[in-house]
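Me: Hi! I am new to reading protein structures and would like to go through one step by step. Could we look at it together?

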Amino acid sequence: MSDKVLLAGGWRLWSQFALRGPGFPAAGVLRLAPAGLGLAADKFRDGPVPGPEWDSFEDFFGTAAVGTAGVLQEIAASPAFQAAVTWQNRAVIGSGIRSFLAWRPSVAGRTSMPRQREELVAHYWQRFCVKNDTIGFFGPVGWGRIDTALAGVEVDAGDRLIAESQVYFSSWAIDSLAKIIEAEPGVRRWLAPRRVSFARLTEAAVTLAGCPPQPITRETHAILSVCDGTRDPAAIAAATGVALPRVLDALQEMAGRRWIVWRLEIAASAHPDRQLRAALERIADPAIRADALDRLAVLERGRERVRAAGQDPDALLAALGAMEASFVELTRSAAQRAKGSRTAPCRALTYSDSRRAATVRVGRAVLDELTPLSFCMVAARWLVNRFAEVAELRIRAMYELVREQQGEVDLASLWMRCMPNPYPGAAEDAERIRMELQRRWAAIVNAPPGARRVRLRSADIADQVRDAFEEPGRGWSLAKYLSPDVFVLADDATDVARGDFELVLGEMHVATNTLTQSLFVMQHPDAGELLAETDADFPGPRLMPMLPKESKLLRWSTRSRPALTRPRDYHVALVDYSGDPHRPRTVPGADVRVRERGGELVAVLPDGAVFSLLDVFGHALTNQVMNRFAPQPDGDHTPRVTVDRMVLARETWRFTADDLAFAAEKSEARRFVLARRWRDAREMPRFVFVVSPTEPRPFYVDFDSPVYVNILAKAVRRLAKSEPGARLTVSEMLPTPEQAWLTDDRGARYCSELRFVAVDQTHGGQR
C-alpha cells in the first residue's frame, strides 16, 4: 500500500482496484451497423411513404440486412465466440448457432427463425463486447494500481489477452456427489456430527430457537457437547467414555430430533472438491475411503479435461458433455439446473474465471478529479447511517420480545425472530431513505425543468453537500466500505495526462467491498496484498456471519462469498452452516449472547469477545442498501449531471411499452425508420443501454443497427405482454464503444471500468 490516497469527506482509497472489462474488442458491435443505412433511413423524417424512394430504401435495407447476417455468421463461426457461448449455455450451440451457420443468408430467406438466430448471436455479442461482466475469458478480471508518481493513465497490455484461467466446480455439484457418498453403507459412522447452530445446550436441556426446552440426560449432554463437526462417533465415544454402540444410537436419535446434523458437509469454498477430498481422506476404513475417492476422481478428471479444452469449442463441448454424463451416472440427478431453480448463478457443474494480462496504473490527473465522487460517497454514508439507525430500533424491538419470552437472549433465537433478515419491512425502510436522499440531492443539483445537461463546480456545491449529508460513519462494520465504478472517458490513455478526459460514475456499491468476493480474490496474482489492505482497515478481529452457499433472491453463489477472511476473524453460524468446523473461532449462534451495554446491543462470544450486534446482520443490512444509491429521481427524464470533470448521472429516460409504438411494426425496414424517428424526437444518442423488468440484465442498443433495434422491439413487446404499465429505462451509453482506451497486446481496444474500494476513515471502527 505504497500510495495512500485520501479524499474529501474522510475517505481513503485502496491502492489496488479491479479493472473490469469484456474479453472481446469494443469495435465488434460496430460491425453490426451497416454503413449509410441510418442516413438513408433519416430521409423519411415524416415516416415511411410508399413510392419509388421507399422501394429503393427497402432494397437497400434488405441488402444491408443480408450483409449483417453474414457478419453475424462470421462472429458465430469464430472459436472464441463459440467457446464463450458454450460456457454460458452450451445447448444454444446445437439449437441455435450451428443451425444459423448452416443457413445461407438472402433477402427472401430471412424468415422468422433465421432472424431469431441473428438476434441470438447479436445479443450474446453485445454482452461479450460492451458489458463489463466478470466471468470467464470473455469477462476477465483485471487489476490496477494507484500511482501518485504518475501523471495520467498507463496501460501495460501484457503479452496476451488472458494471463491465467481456472475451472471451478459449482458448490451444488459437489454437494450432490457428497449426498450420494454419505448414503453408502458404512460411510455415516465415519462422519463427524455437528450440533445445529440454533440449538442451545445447557446442563439439563436442549433448546431449539423458538421452541420450549427439551430435557436431556447427563450422557446425552456429554455426547452432544462434543458434536462439533470435527469428531466422528468413535472419537466421541473416546472423549465421553460412552460405548460406541450407545453413541451411535444417541446420534441417530439426536439427528431425528434436529439437534445435530450428521452428514457429509462441504464448507463454502472456491474449491469445494478439495474440501470433499479432505473430508473423505479422514475416513479410516480403507475400502470405504477408496470407493468414495474414486467417485470424486471421476469428476476431477472430467474437470481437468474441460480445463485442457481451453477455447477449442469442439473439445470444450465434448469435455462438458462427458463430465455431465459421468455426473448423471454418479448422482442420478440432472447435470444442469434450469432457470428458476433454487438459485440462478452457476447453473452448470463448472464455471470458469480468468485474469486479464493487461494491467493499469492510474495517476494524479484522475485522482485530482475525484472530489465529485467524494460528494456521492458522503451522501451514501448518510444513507447508511439513517438505515443503521432504523435497523437498530427494529432489531431492538425484536430483542425485547425475545428477552420477555426467554430471559437471556441468544443470537440464534433473535436471528430467527428477525426473519426475513435483517427484519420484516427492511426494504420499505431503505427505499424511504433513498427517496429522501434523492430529494436532498435534487435540491443541490437544482436542474431547470426540461434541462438535458447540468454542469456544476464542486466549489459551488461543497457547502450544500456538507450541510445535507456530511457526518461521521456509523452502523455495521461492513458499512465503512464503498465500491464505486469509475469510467475514464478518453480517446486514448495518453490523453489523460494532457487533461483531455472526463470521468463517469457508474454503479456505487454501498456498504460493501466487492473486491473481497471470491470471483475477484481467486484471480488476483497475490491475494496476500488484498489481505494487507484488509488488515489496514481492520487491525483487530471481525465478527462475520456465516453466509449460505447460494441464494436465489440475492443471486448469490460461492463466487460471491467473502474470501478475505483471516484466522483472527470470528465466524458465527446462524441458520445455514457453510463453514469449516475445523477452523478456529467458528461459533454457533446459539452460543452467542445478546446483551445491552452502554445503550448498544452487542454480541458476546463464548471467549468474551464483544462486537456490535449490527455486525452479525451486516450482510443482510448491506443487501438492502447496496444498490440503492441513485441520486437522480426516477422521473420520465433526468439530465446528465456533471460536476467538474466527472459525470455523476447519465441522461436517462423512462417509458412504458405503449410509448414505443414502433416496436409493434411488423416490417423491419419500417420499424427501423420509425425507431430512429422516435429516438430523434427525444434527442437520444445513438448508443444506449436499456433496463426492462422482463429482461434478466441491461442490454445495449445501437440505433444505427437494425438487429439491435429488433432486440429492443422484442423486449418492448415482451414487456407489454407480461407487465403492461411497467416502465423500461433507457440511459445514454457513456463511454461509447468508440471511446475505448484499454488495449491488448495487439492494439485492440476494450470497454472498461475501474472498480475502486473506498474506506470510511470517520467510521467508529471496532469495539
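Predicted model: local features only at pLDDT ≥ 70, side-chain atom pairs only at ≥ 80, totals over all residues.

Me: Is C418 buried or exposed?

Reply: Residues are numbered from 1 along each chain as its sequence is written, and side-chain values use heavy atoms, with hydrogens and water left out. Buried means under 20% relative accessible area, exposed over 50%, and partly exposed in between (1.4 Å probe, protein chains only). C418 has a relative accessible area of 0%, so C418 is buried.

Me: How many disulfides does the structure hold?

Reply: A disulfide is a covalent bond between the sulfur atoms of two cysteines. Here it is counted as a pair of cysteine sulfur atoms within 2.5 Å. The number of disulfides in the structure is zero.

Me: Which cysteine has the sulfur nearest to that of C751?

Reply: For comparison, C418 is in no disulfide, and its nearest cysteine sulfur, in C211, is 17 Å away. C751 is in no disulfide either, and the nearest cysteine sulfur is 8.1 Å away, in C129.

Me: What distance separates the end C-alpha atoms of helix α16?

Reply: Helices (H or I, at least four residues) and strands (E, at least two) are DSSP runs, numbered from the N terminus. The expected span of a helix is 1.5 Å times one less than its number of residues. Helix α16 covers residues 426–445, which is 20 residues, so it should span 28 Å. That agrees with the model, where the end C-alpha atoms are apart by 29 Å.

Me: Which elements do the buried residues of α16 pack against?

Reply: The buried residues of α16 include A426, I433, L437 and W441. Contact means heavy atoms within 4.5 Å. With that rule, the partners of these buried residues are α14 (371–406), β14 (453–456), α17 (458–469), α22 (618–625), β24 (640–643) and β25 (646–649).

Me: What is the phi of N446?

Reply: Most residues other than glycine have a negative phi, and most peptide bonds are trans. N446 follows α16 and lies in the loop between α16 and β14. With 60% relative accessibility, N446 counts as exposed. Its phi is positive, near 50 degrees.

Me: Where is R332, which also has a positive phi?

Reply: R332 is a residue other than glycine with phi near 55 degrees. R332 is exposed, with a relative accessible area of 66%. Its place is the loop between α12 (313–331) and β12 (350–362).

Me: What is the omega of the peptide bond from N421 to P422?

Reply: P422 lies in the loop between α15 (411–418) and α16. The bond from L734 to P735 is cis, with omega near 0 degrees, and P735 is in the loop between β29 (727–732) and β30 (742–743). The bond from N421 to P422 is cis as well, with omega near 10 degrees.

Me: Which helix gives the most to the lining of the largest cavity?

Reply: On a 1 Å grid over the protein atoms alone, a cavity is a set of points where a 1.4 Å probe fits but cannot get out, while a pocket is an open set with protein on both sides within 12 Å along at least five of seven lines; lining residues have an atom within 4 Å of a point. Grid points are joined across faces, edges and corners, and a volume is the space filled by probe spheres set on the points. The largest cavity has a volume of about 50 Å³, and among the residues lining it are P34, R110 and E668. With three residues, the helix that gives the most is α2.

Me: Which residues lie nearest the centre of the second largest pocket?

Reply: This pocket has a volume of about 950 Å³. Helix α6 (171–182) is one of the elements that supply at least two lining residues, and α6 gives the most, with eight. Of the 36 lining residues, those nearest the centre are D175, R263, E265, K549 and D576.
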